[in-house]
Amino acid sequence: MGLLDFGIRVNGQEHRLHGPVSGSLLDALASIEIYLPAACGGHGSCGLCKCRLPETNGAVTALERPYLTADEVGTGWRLACQVQPEAGQAVEVPPASLAARRQAVQVVEIERLTAAVCRLQVRLPAGCTTNFLPGQWARLEFPFGTGHEHRAYSYASVPGKDTVDFLVGRVPGGRVSNLIHDALEPGASLDLIGPFGDFTLPEAVDGQGPGTLPMIWVAGGTGMAPFR
């Protein structure tokens with residue numbers, strides 16, 4: 001873990017990086033409260049934390065290539081979890097990412113729905129309400145020993161409330177899913193980072209919108225979460 005103390009530009013705005021970070025641009029951006037989607041927690045296995053480095057972007061790694069098109073590589077797109085932050089670096093992030101926030105939440109209830117699925121409800125800090133669009137997802141951060149584990153779950157409740165629900169399927173041998181099903185207790189503290197994702201209802205176009213266009217939704221198990 002290094003110690004950073006220099007400036008970068010994000011979407012044209014100057015920011016100062018300082019303090020300990022783990023070394024990736026993804027974590028450096030999080031230190032200034034800019035959260036890119038990273039369902040895998042920054043391990044390079046989801047391909048979601050895309051950003052554009054228009055000036056100096058280095059060589060694309062073999063790990064990144066499956067997640068980037070030839071056009072993206074040619075125009076400076078990278079996975080932030082695979083890039084080292086540099087002094088004076090210019091970074092462009094999708095504007096939607098700027099809406100994501102980190103919040104400390106508290107477990108309210110864990111309700112078993114089936115043998116393999118439970119509903120996890122958490123409460124936001126006092127005075128806060130959820131601001132996601134139906135179909136989006138959040139990353140939950142769970143303390144594990146001296147570190148943390150990250151998992152991504154779709155919101156499974158309506159926005160605008162001070163609580164939010166997630167549907168969690170038990171994964172055989174899964175560290176986090178079995179923790180939630182068997183050991184997590186009401187009152188436990190977690191961190192919620194979000195909202196992320198574009199699996200949302202389309203905007204109305206020429207008078208045609210979600211209320212007038214025919215749609216077929218198919219889901220099962222925890223895939224029901226975004227439709228709820």
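## Reading the features

Analyst: The cut-offs are under 20% relative accessible area for buried and over 50% for exposed, with partly exposed in between (1.4 Å probe, protein chains only). The model is predicted, so to speak with care: local features need pLDDT of at least 70 and side-chain atom pairs count only at pLDDT 80 or more, while totals for chains, interfaces and linings use all residues. Residues are numbered from 1 along each chain as its sequence is written, and side-chain values use heavy atoms, leaving out hydrogens and water.

User: Where does E33 lie?

Analyst: E33 lies in the loop between α1 and β3. Such labels come from DSSP runs, numbered from the N terminus: helices are H or I with at least four residues, strands are E with at least two.

User: What should I look for in the backbone angles?

Analyst: Most residues other than glycine have a negative phi, and most peptide bonds are trans. Here E33 has a positive phi of about 65° although it is not a glycine. N11 also has a positive phi, near 50°, and is not a glycine. The loop between β1 and β2 (13-21) holds N11, which is partly exposed with a relative accessible area of 35%.

User: And which peptide bond is cis?

Analyst: The bond from G194 to P195 is cis, with omega near 10°. P195 is found in strand β11.

User: How do I read a buried residue in a loop? Is I34 buried or exposed?

Analyst: Check accessibility, then the neighbours. I34 counts as buried because its relative accessibility is 7%, and its place is in the loop between α1 (25-31) and β3 (50-52). Contact here means heavy atoms within 4.5 Å. Leaving aside neighbours within four places in sequence, I34 is in contact with V10, H15, L29, V93 and L98. The C-alpha atoms of I34 and A100 are separated by 7.3 Å, although the two are 66 residues apart along the chain.

User: Which residues have the most contacts inside the largest nonpolar core?

Analyst: A nonpolar core is a set of buried Ala, Val, Leu, Ile, Met, Phe, Trp, Tyr and Cys residues joined through side-chain atoms within 4.5 Å. The largest has 22 residues, and L25, L29, L36, C51 and V93 have the most contacts inside it. The elements giving two or more residues to this core are β1 (2-10) and α1. A second, separate core of 20 residues includes Y153, Y155, L184 and L190. Back to L29: not counting residues up to four places away in sequence, L29 touches I8, V10, I34, L36 and V93.

User: How do I read a helix? Which residues of α3 are buried?

Analyst: Find the buried residues, then look down the axis. In α3 (residues 175-182), V176, S177, I180 and H181 are buried. Seen down the axis of α3, the buried residues fall within an arc of 130°, so they line one face of the helix; the arc is that of the directions from the helix axis to the C-beta atoms. The buried residues of α3 pack against β6 (101-112), β7 (117-123), β8 (137-144), β9 (147-154) and β10 (163-169).

User: Last topic: how many salt bridges are there?

Analyst: Side chains of opposite charge can pair when their charged atoms come close. A salt bridge is a side-chain nitrogen of Lys or Arg within 4 Å of a carboxyl oxygen of Asp or Glu, and by this rule the count comes to 14. One of them joins R9 and E55 (3.0 Å, N to O). R9 lies in strand β1 and E55 in the loop between β3 and α2 (70-74), so the pair ties together parts that are 46 residues apart in sequence. R9 is partly exposed at 27%, whereas E55 is exposed at 52%.

User: What does K50 form a salt bridge with?

Analyst: K50 pairs with E72, the closest N and O atoms being 3.2 Å apart. K50 lies in strand β3 and E72 in helix α2, so this pair ties together parts that are 22 residues apart in sequence. K50 is partly exposed at 22%, while E72 is buried at 18%. The side chains of R151 and E149 also meet in a salt bridge (3.1 Å, N to O). Finally, salt bridges that share partners join E109, E111, R119 and D165 into one network.
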